[in-house]
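Here are my notes on the ligand and the space around it. Keep the structure open while you read, and click on each residue as it comes up.

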Amino acid sequence: MERTLIIIKPDGVERGLNGPIITRFEQRGLKIVGMKMLHVSDKLARMHYAVHEGKSFFEPLIQYITSAPVVAFALEGPQAVQAARNTIGATKPVEAAAGSIRGDFAMMVGRNLVHGSDSPENGAAEIALWFNESELISYDRALDRWILE
Ligand code: DAT
Ligand code: MG
């Protein structure tokens, strides 16, 4: 089983899209194993996006992600990273497929609504950065036998 970190960014929270965004992942069959709302600190933002430090969009990105609360959650499932990335859609919303979250709800790269980890390794590392072990919950879903083979 793989885990991925999803963040509903400030535009998603401010636009009242928490429900529709979470629903996309739930309907897909991914299992929520941790979830919280927080106002991201400058420190956490810079650690989370460290790979982009020095790029032209880095400071605006930090400004954006810290500008209002976010909802962060951990999802679990087979190939959860790839499944979630496909549900989120391409980084630039104009290039995101219709039916994806960005393709249906977003217009611009700097307001692209959702973060999703880009590899299983980063999924584990990002969840460790955003959640304490005690905030992650292992449980069996009765419906799993109808979703997972
Ligand atoms: P993703 O969020 O799809 O994983 P990423 O990790 O490459 O994309 O970049 C992180 C965020 O940084 C992205 O969601 C929006 C911003 N970003 C990336 N490339 C950008 C660009 N060329 N111009 C402006 N913002 C960009
Ligand atoms: Mg990324």
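Predicted model: local features only at pLDDT ≥ 70, side-chain atom pairs only at ≥ 80, totals over all residues.

1. Let's sort out the classes before we use them. Ala, Val, Leu, Ile, Met, Phe, Trp, Tyr, Cys and Pro count as nonpolar, Asp, Glu, Lys and Arg count as charged, and the others, Gly among them, count as polar.

2. Now for the names. Around ligand 1 you'll find Lys9, Tyr49, His52, Phe57, Leu61, Arg85, Thr91, Arg102, Val109 and Asn112.

3. Which side chains have a polar atom close to a ligand oxygen? Start with Thr91: one of its polar side-chain atoms is 2.5 Å from an oxygen atom of ligand 1. For Lys9, an N or O atom of the side chain is 3.1 Å from a ligand oxygen. Arg102 also has a side-chain N or O atom 3.1 Å from an oxygen atom of ligand 1.

4. How much of ligand 1 does the protein cover? On its own, ligand 1 has 510 Å² of accessible area, and the protein covers 74% of that.

5. Next, zoom out a bit. Ligand 1 takes up the space of the largest pocket, and that pocket has a volume of about 640 Å³. It is lined by 27 residues, and those closest to its centre are Tyr49, His52, Phe57, Leu61 and His115.

6. Where does the lining come from? The elements giving two or more residues are α3 (42-48), α4 (58-65), α5 (80-88), β4 (114-116) and α7 (120-130). Of these, α7 supplies the largest share, with four residues.

7. Finally, use the classes once more. The lining of the largest pocket is made up of 12 nonpolar, nine polar and six charged residues.

Terms used: Residues numbered from 1 in each chain as written. Chains lettered and ligands numbered in written order. Heavy atoms only, no water. Near = heavy atom within 4 Å. Polar contact = N/O pair within 3.5 Å; in protein donor to acceptor, adjacent residues only side chain to side chain. Areas by Shrake-Rupley, 256 points an atom, 1.4 Å probe, with all protein chains shown as cover. 1 Å grid on protein atoms, 1.4 Å probe; cavity = no way out; pocket = protein on both sides within 12 Å on 5 of 7 lines; lining within 4 Å. Sits in = over half its atoms within 2 Å of the grid points. Points joined across faces, edges and corners; volume = space filled by probe spheres on them.
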